[in-house]
Amino acid sequence: MSTPVSFPPKSLSQLRKLPSLLKRGELTLPMGKRLLVALCLMLDDPQLVATHTITELAEATGVSPASLTRLAKLLGFTGFVQFQALFRHAVSEPGRYYSEQASALVSSDQNSSLSSRINSHCQRQTENLLRTAEHLSESELDKAARLLVKAKRVRIAGRRQSYGLAAMFNYMLGLIRGGVGVVGAAGEGQAQTLAELDSRDLLVMFGSEPYSRDSVTLAQLACELKLPLLALTDSYHSPLAQLADASLLTQNASPLYTNSMVATVFMMETLLLHTARQLGDKAVAQLSRREELINRLNDEF
């Protein structure tokens with residue numbers, strides 16, 4: 001299987017995938033725990049890397065300047081200067097994720113046939129599904145399902161593309177339990193949602209690289225208010241995963257100009273299957289009530 005990281009990484013968004021690959025054992029590098037922690041600290045604060053000398057950065061991350069140089073070369077850079085340039089570019093030209101993906105798409109082999117491109121895309125999505133299933137934590141899945149079962153109310157959030165996932169999850173979860181809604185669906189702001197929820201409820205959040213500032217801020221406030229949080233995201237290093245009580249991770253690598261949603265939809269369905277089993281007869285009763293209303297409204301042809 002191919003990895004979604006090249007050496008050296010071509011962008012900061014690509015480099016962000018590295019900690020998850022290492023933690024899941026999909027990639028092996030001679031990198032100690034302290035150096036990995038230092039890398040995660042730098043990924044959390046690109047501005048720090050972009051604006052500080054190697055000596056200042058070493059002090060801030062708790063490693064030696066020599067270790068930072070070794071890290072840079074380990075990642076395929078010629079040295080720290082080239083490594084730092086990646087961060088400086090990301091800071092000076094933010095918001096280039098989608099156009100960079102599109103540029104890679106249109107500059108790819110133009111002579112390949114349509115059938116080979118379809119097969120290549122299918123293979124990549126198959127790899128995403130296999131990796132997602134292989135690294136799915138059963139204990140984390142069980143914890144996520146229990147959160148959905150016991151919550152008095154469930155509110156689901158996602159920005160940009162992830163809003164579509166939130167709306168889909170809302171409909172599917174609403175078939176088997178009540179008290180479900182999408183944040184912002186009725187035009188109310190995020191503050192309204194937070195004001196309504198308490199520790200008996202659950203906030204479910206969808207998001208992947210590049211992460212929406214609104215989503216991260218909502219998750220941070222939910223954490224401060226001690227609201228239970230479930231995240232469906234793409235990395236252990238995701239700011240949503242760092243804040244969540246439970247996280248389910250998916251692989252989204254794709255030549256598409258935006259994030260692939262195939263593995264996330266698979267994870268949603270897997271979670272809903274497990275949740276329905278835990279709800280048992282309550283899920284059946286909820287579905288029966290929905291069917292009765294559908295029949296009375298003559299909603300199915």
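Q: Into how many nonpolar, polar and charged residues does the lining of the largest cavity divide?
A: This is a predicted model, in which local features need pLDDT of at least 70 and side-chain atom pairs count only at pLDDT 80 or more, while totals for chains, interfaces and linings use all residues. Residues are numbered from 1 along each chain as its sequence is written, and side-chain values use heavy atoms, with hydrogens and water left out. With Ala, Val, Leu, Ile, Met, Phe, Trp, Tyr, Cys and Pro taken as nonpolar, Asp, Glu, Lys and Arg as charged, and the others, Gly among them, as polar, the lining of the largest cavity comprises seven nonpolar, 13 polar and three charged residues.

Q: How much space lies in the largest cavity?
A: A search of the whole structure finds two cavities of 30 Å³ or more (sets of points on a 1 Å grid over the protein atoms alone where a 1.4 Å probe fits but cannot get out). With grid points joined across faces, edges and corners, and the volume taken as the space filled by probe spheres set on them, the largest cavity holds about 220 Å³.

Q: Which residues of the lining are closest to the centre of the largest cavity, and which element gives the largest share?
A: Of the 23 lining residues, the closest to the centre are Q161, S162, G207, S208 and N259, where lining requires an atom within 4 Å of a point. Two or more residues of this lining come from each of α11 (161–174) and β4 (229–233) (DSSP runs, at least four residues of H or I for helices and at least two of E for strands, numbered from the N terminus). The largest share, three residues, comes from α11.

Q: Which residues lie nearest the centre of the second largest cavity?
A: The second largest cavity holds about 140 Å³ of space, and its lining divides into four nonpolar, six polar and five charged residues. Of the 15 residues that line the second largest cavity, those nearest its centre are K17, D234, S235, Q251 and N252.

Q: Which strands stand at the edges of the sheet?
A: Five strands form an open, parallel sheet in the order β2-β1-β3-β4-β5 (strands pair if DSSP finds at least two bridges between them). One side of each edge strand is left without a neighbour in the sheet because each has a single partner strand, and these strands are β2 (180–182) and β5 (246–249).

Q: What is the bridge partner of V154 in β3?
A: Strand β1 (residues 154–157) and strand β3 (residues 202–206) pair in the parallel sense over four bridges. Within β3, the residue bridged to V154 is L202.

Q: What is the radius of gyration of the protein?
A: The protein has 16 helices and five strands, and its C-alpha atoms fill a box of roughly 70 × 50 × 35 Å along the principal axes. It is as compact as a globular protein of 301 residues, because the globule rule gives 19 Å for that length and the radius of gyration of the protein is close to this, at 21 Å (the radius is taken over C-alpha atoms, and the rule is 2.2 Å times the number of residues to the power 0.38).

Q: What is the phi of R160, and what is that of K226?
A: R160 lies in the loop between β1 and α11, whereas K226 lies in the loop between α13 (213–224) and β4. Most residues other than glycine have a negative phi. Neither of these residues is a glycine, yet phi is positive in both, about 50° for R160 and, for K226, near 60°.

How values were computed. On a 1 Å grid over the protein atoms alone, a cavity is a set of points where a 1.4 Å probe fits but cannot get out, and a pocket is an open set with protein on both sides within 12 Å along at least five of seven lines; lining residues have an atom within 4 Å of a point.
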